[in-house]
Amino acid sequence: MDCLRVSPGSPWLDTVDQEHIPLRLSNSCEEEVSVELEVLTPQGAPLQRISLKLPGLASREVEVISDLYLQKVVIRGRWRISEGSWREIEGIEVVLR
């Protein structure tokens, strides 16, 4: 059963040319999940790491901010319920420009 869904929003640039990548995390299970996400450059270099706990039946928005000029990023991660085994999140490519 997959409890966690990661949905990227539309990337946008702020006034100082920093790229903002909104991510919506949704937990469809009744139990709290632990989430670890890693945002990578196209070459595989880590850009940002996010660790959080998401209550059951809840959603949360997080934002990745980068001042690098990239064409896309890749989001990978894993999640688990309580102390259960980790489940991988399939890589998500987000095209920036």
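## The four-stranded sheet

An open sheet of four strands runs in the order E5-E4-E7-E8 with antiparallel pairing, where strands (E, at least two residues) are DSSP runs numbered from the N terminus and two strands pair if DSSP finds at least two bridges between them. Strand E5 (46-54) and strand E8 (87-95) stand at the edges with a single partner strand each, so one side of each has no neighbour in the sheet. Direction ignored, neighbouring strands of this sheet are turned by 15° against each other on average, the axes being lines fitted to C-alpha atoms and angles running from 0 to 180 degrees between N-to-C directions.

Within this sheet, E4 and strand E7 (residues 72-81) pair in the antiparallel sense over eight bridges, and leucine 40 has valine 74 in E7 as its bridge partner. In general, strands of a sheet pair through backbone hydrogen bonds, either parallel or antiparallel.

## Basis of the model

This is a predicted model, in which local features need pLDDT of at least 70 and side-chain atom pairs count only at pLDDT 80 or more, whereas totals for chains, interfaces and linings use all residues. Residues are numbered from 1 along each chain as its sequence is written, and side-chain values use heavy atoms, with hydrogens and water left out.

## The disulfide

The structure holds one disulfide, a term that stands for a pair of cysteine sulfur atoms within 2.5 Å. It is formed by cysteine 3 and cysteine 29, with their sulfur atoms 1.7 Å apart, and the link is left-handed, with -80° about the S-S bond. The pair joins distant parts of the chain, 26 residues apart: cysteine 3 lies in the segment before strand E1 (4-8), and cysteine 29 in the loop between strand E3 (19-27) and strand E4 (33-40).

Cysteine 3 is buried, with a relative accessible area of 1%, and cysteine 29 also counts as buried at 8% relative accessibility; buried means under 20% relative accessible area, exposed over 50%, and partly exposed in between (1.4 Å probe, protein chains only).

Isoleucine 21 has its place in strand E3 and counts as buried at 1% relative accessibility. Leaving aside neighbours within four places in sequence, isoleucine 21 is in contact (heavy atoms within 4.5 Å) with Pro11, Val62, Glu63, Val64, Val73, Val94 and Leu96.

Aspartate 14, in the loop between strand E2 (12-13) and E3, counts as buried at 19% relative accessibility. The aspartate 14 side chain reaches the backbone nitrogen of valine 16 at 3.0 Å and makes a polar contact with the side chain of histidine 20 (2.8 Å). A polar contact is a pair of N or O atoms within 3.5 Å; within protein, one must be able to donate a hydrogen and the other to accept it, and residues adjacent in sequence count only if both atoms are side-chain atoms.
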